[in-house]
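Dear colleague,

I am handing over the structure below, together with some notes on what was found in it. Please read the notes with the model open beside you.

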Amino acid sequence: MNDQWLDGERLQPLQLKFPEQLEIAADGAQAAVVIAPPALPALMEELRYGADWQFSMLSNLTAVDYKTYFMVVYHLYSPALRQGIVVKCRCEGENPIVPSVTHWWPAEFQEREVYDLLGVFFTGHGDLRRILMPDDYSGHPLRKDFQAPARAEKR
Amino acid sequence: MPKAQTYILNMGPQHPSTHGVLQVVLELDGEKIIKAVPQMGYLHRGIEKLAESRTYPQFIPYTDRLDYVSAMGNNLGYCQTVEKLMQIEVPERAQYLRVIMAELNRIASHLLFMSSLAIDLGATTAMIYGFRDREDILDLFDMVSGARLTYNYIRIGGVMADVPADFVPALQKFIDKFPAMMAEYENILMGNEILQARLKNIAVLSGEQALALGLTGPLLRASGVDYDIRKIEPYGIYDRFDFSVPLGKTGDNFDRYAVRMQEMTESVRIIQQAMEQLPAGEVMAKVPRMIKPPAGDVYHRIENSRGELGYYIVSDGTPKPYRVHVRRPSFINLQMLDKVCRGLMIADAVAVLAVLDPLMGEVDC
């Protein structure tokens with residue numbers, strides 16, 4: 001299988017560009033760059049418009065609840081250079097707040113979904129509402145501490 | 001003088017042209033649409049949450065229930081993601097069978113698209129023709145998997161079972177019939193004056209606009225953007241086949257329809273080649289009885305009937321996934337609805353929904 005997703009080695013130039021804020025996690029099946037929310041906009045700007053990156057498409061946006069922290073995951077792809085990158089934004093604590101990427105990519109629905117199901121707040125989104133669960137619902141079902149409501153009593 | 005005011009009309013969730021439980025809140029000025037807000041969630045089952053309490057193989061039937069008219073593609077995407085995580089090599093014969101099934105399912109899905117578009121625009125006969133020919137494909141699937149809609153056929157490491165002896169002749173019969181089928185559709189739909197008047201130059205999107213709305217699949221290609229995962233990032237054995245990617249010129253509703261019709265012909269070309277090259281041998285790799293991928297995460301995507309279908313799986317080394325996320329093409333394609341509906345008539349919104357072809361099982365997940 002030819003892998004177009006950038007590995008640890010090909011991510012090095014990014015590390016040099018953001019030496020303080022960025023960390024490369026290359027031990028898993030797919031390498032990723034890990035960054036904290038405040039530095040995310042600068043990184044995304046570089047990935048979207050930098051000549052070496054040109055990630056014009058946002059393939060996927062989701063988040064994972066790791067109990068003590070949340071990881072918002074972006075899968076970006078560049079059709080021009082035929083390469084992909086995994087960006088992870090690590091947010092500590094119960095109430096994660098991440099800058100929205102709607103400025104660079106059409107992520108409106110995906111950010112609304114992550115907000116709805118995991119309770120990650122995206123600043124600068126403009127229309128951050130629930131999308132799958134009812135508007136008057138409280139709680140975020142994809143969180144690990146979510147307790148599913150008991151089934152209706154049998155009559 | 002009474003002042004004109006806008007009013008709200010709910011289209012759906014119980015409306016035949018929304019193809020499921022999609023609700024579109026239309027703000028109207030007379031019959032002209034000012035705003036169209038899609039409301040989804042009526043079919044939300046929490047499949048991603050359910051995945052966390054199922055083992056890896058147990059989740060395959062749930063993928064059938066995402067895009068339930070191209071379930072083979074859903075099976076394929078999920079199984080390939082787990083295989084990528086575990087680095088399983090799939091036997092050759094299984095690879096070819098997967099391609100045949102995925103492409104057959106693309107044809108079945110596009111036939112359903114054509115039929116529902118026809119009935120939405122009032123062409124009952126074309127609808128019947130489409131369903132009649134889709135039936136042949138469902139019979140083929142019934143032959144290999146025992147199911148007509150939710151196959152659970154593609155498994156981690158290969159496919160459920162080898163095809164029966166009479167499958168290849170039956171498939172050949174379908175392929176031989178296919179050109180006549182297409183000629184029939186050409187006569188009854190493609191060249192139909194009413195269909196052309198209803199679709200041409202309606203809801204035009206340029207390539208840049210389509211990209212800016214996050215579209216993928218036939219909707220993006222109708223706007224002239226050459227973006228097909230089978231070509232740009234070939235998965236499985238798709239790099240071995242000779243096929244072209246149909247593109248639209250104007251990016252209107254008619255192109256969105258025409259691109260899908262041409263894609264069916266390309267799918268048949270792929271199936272024909274796969275049938276000729278189909279090797280003998282095993283259809284299942286040696287996979288452990290208990291599937292426990294190493295800890296880590298992986299993202300993998302395929303080109304499904306409606307666009308780019310991606311699976312993101314996080315494994316913690318146990319037999320159950322820690323997190324599964326599905327990037328569903330229909331869900332993200334719905335972002336275009338509001339943009340293209342503004343300024344159109346209600347009747348055109350029906351046509352837009354028909355060519356958008358959202359599958360609610362996939363939108364709501």
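**Notes on the model**

B:Cys365, with 25 C-beta neighbours inside 10 Å, counts as buried (20 or more other C-beta atoms within 10 Å of its own, C-beta atoms being placed from the backbone; 12 or fewer is exposed, and in between is partly exposed). This is a predicted model, in which local features need pLDDT of at least 70 and side-chain atom pairs count only at pLDDT 80 or more, while totals for chains, interfaces and linings use all residues. Residues are numbered from 1 along each chain as its sequence is written, and chains are lettered from A and ligands numbered from 1 in the order in which they are written.

B:Cys365 belongs to the segment that follows α15 (360-364) of chain B (helices, H or I, of at least four residues and strands, E, of at least two are DSSP runs, numbered from the N terminus), and its phi is near 60°, a positive value in a residue other than glycine. B:Asn152, in the loop between α5 (124-145) and β4 (154-155) of chain B, likewise has a positive phi, near 55°, but counts as partly exposed because it has 18 C-beta neighbours inside 10 Å.

In chain A, five strands form an open sheet with mixed pairing, in the order β1-β2-β5-β4-β3, where two strands pair if DSSP finds at least two bridges between them. β1 (22-25) and β3 (57-65) of chain A each have a single partner strand, so one side of each is left without a neighbour in the sheet. β3(A) pairs with β4 (residues 69-78) of chain A in the antiparallel sense over eight bridges, and A:Val64 stands opposite A:Met71 in β4(A).

With kind regards
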